[in-house]
Amino acid sequence: MKKIITLISLMIFSSFSYAQRPCSIKSSVENKQFSIDSKVYKFTSYFCEDENDEEEVFDKKAILEVQGENTNRLYKNVIGIRGMLNIAFEAWNNQPALSYFMPAAESIEAYIPIMVKNHDLLVQCIYISQQLKNFMVANYSYCGDKQIIHDGFGEDAILNLFPQFDLYSIYNDIYYPETHASLSNQEFDAFIGKIENIKFYRRYSSLDDYYSNKFKVIMVNKAKEYRFKESQIYQRIEGGTKTARIIGLDILDAEGNITFYDKKALLALLNKSTIKPNIKAYIQSNK
């Protein structure tokens, strides 16, 4: 994970800068418009087919332009393609975001929502889906200090958006071989982490759903069980410590709104539940 993060940071965020000259040959032009704090902003992204120079980071370079009230900026070395790595500007959950896609042995797809304040672009949180070597997909998030995207926004800034978290300490233990025919039509649960006495599981209705990555997130304590209806749930990781830990859940609802639930909020959900804990964790073991 650390090697992938370092690769991304070295290749992509070695510099944010204003363009030294306009792009004369544009392709794949996309315009997206957003209302942010009652103000309209237009984001334009495109590939620049001009001859590359030594300052370019990407093999296939792209430009991001931002226009709004008292705002007219152009960013280079923010989006583009280099090798298998694709960084693009996207509309994610009805808000502007940078998207990252690295298809590899452990492919990473991540979104960093963009905020606007005092005509500056800022980033704070990252939402990551990572496919591990055991083919499990881990969803986790991290929110740090707000950082302004500016000329020279570089390696240290992007590294702060990726939590150093040992996914394999949990997800390596989630392995259900096809040879276990007893699970073909049987509901079972897989442990994915905890916050003190609150434990989280993925509930699969069958082995087919396990291989299709279809599940519901369940949380339990000694007294209650709560079943989340939402499917897009990220485990938020605490950063800045040697041993990162889960501090809550970021839950994405049907309308694209993200709500963070800390331990107190999660306990409130459990206290309202009338369901007794009924975890069915079968044959969860190392591969």
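The model is predicted. Average pLDDT for the protein chain is 80, and 77% of the residues score at least 70. The protein chain holds five helices and 17 strands. Of its 287 residues, 48% count as buried.

**Confidence and overall figures**

- The protein chain exposes about 15,000 Å². Carbon and sulfur atoms supply 47% of that area.
- Take the contacts between residues at least 6 apart in sequence: 48% of them join residues at least 24 apart.

**The sheet β11-β12-β13-β14**

- Four strands make up an open sheet, ordered β11-β12-β13-β14, with antiparallel pairing.
- Strands β11 (188–195) and β14 (225–227) are the edges, each pairing on one side only.
- From one strand to the next, the twist averages 25 degrees.
- Helix α5 (residues 263–272) packs on this sheet and touches β11, β12, β13 and β14. The direction of α5 makes about 60 degrees with that of β12.
- Strands β12 (residues 198–204) and β13 (residues 216–220) run antiparallel and are joined by five bridges. Within this pair, Arg203 stands opposite Lys216 of β13.
- Asn213 sits in the loop between α4 (207–211) and β13. Its phi is positive, about 60 degrees, although Asn213 is not a glycine. Asn213 counts as partly exposed because its relative accessible area is 33%, between the 20% and 50% limits.

**Strand β10 and its partners**

- Strand β10 (residues 137–148) is mostly covered, with nine of its 12 residues buried.
- Nine bridges link β10 to strand β9 (residues 120–131), and the two run antiparallel. Here Val123 faces Gln147 of β10 as its opposite residue.
- The β9 and β10 strands form a hairpin with five residues between them. In the turn, Phe135 has a positive phi of about 75 degrees.
- Strand β15 (residues 232–237) runs parallel to β10, joined to it by two bridges. Ser141 stands opposite Arg236 in β15.
- Both pairing types are known in general: strands of a sheet pair through backbone hydrogen bonds, either parallel or antiparallel.

**Nonpolar cores**

- The largest nonpolar core has 62 residues. Tyr171 and Phe228 have the most contacts inside it.
- Strand β8 (residues 108–117) gives the most to this core, with five residues.
- A second, separate core has seven residues, including Trp92, Ala97, Cys125 and Tyr234.
- Which residues is Phe228 in contact with, leaving aside neighbours within four places in sequence? They are Lys216, Val217, Met219, Ile233, Leu249, Ile251, Leu266 and Leu269.
- Among these contacts of Phe228, Lys216 is the residue opposite Arg203.

- Glu90 lies in strand β6 (residues 85–92). Its relative accessibility is 30%, so Glu90 counts as partly exposed.
- Beyond four places in sequence, Glu90 touches Lys32, Gln95, Pro96, Ala97 and Ser99. One of these, Ala97, also belongs to the core of seven residues.
- Glu90 and Phe43 are 47 residues apart along the chain, with their C-alpha atoms separated by 9.6 Å.
- Tyr100 lies in strand β7 (residues 95–102). Is Tyr100 buried or exposed? Tyr100 is buried, because its relative accessible area is 2%, under the 20% limit.
- The C-alpha atoms of Tyr100 and Ala110 are separated by 5.1 Å, and the two residues are 10 apart along the chain.

**The loop between β4 and β5**

- Asn70 is found in the loop between β4 (60–68) and β5 (71–82).
- Phi of Asn70 is near 60 degrees, a positive value in a residue other than glycine.
- Asn70 is exposed, because its relative accessible area of 67% is over the 50% limit.

Technical notes
Residues are numbered from 1 along each chain as its sequence is written. This is a predicted model: local features need pLDDT of at least 70, side-chain atom pairs count only at pLDDT 80 or more; totals for chains, interfaces and linings use all residues. Side-chain values use heavy atoms; hydrogens and water are left out. Two strands pair if DSSP finds at least two bridges between them. Axes are lines fitted to C-alpha atoms, for helices over the stretch in contact, and angles run from 0 to 180 degrees between N-to-C directions. Contact means heavy atoms within 4.5 Å. A nonpolar core is a set of buried Ala, Val, Leu, Ile, Met, Phe, Trp, Tyr and Cys residues joined through side-chain atoms within 4.5 Å. Buried means under 20% relative accessible area, exposed over 50%, partly exposed in between (1.4 Å probe, protein chains only). Accessible areas come from the Shrake-Rupley method with a 1.4 Å probe; for residues, only the protein chains shown count as cover. pLDDT is the predictor's confidence in each residue, from 0 to 100.
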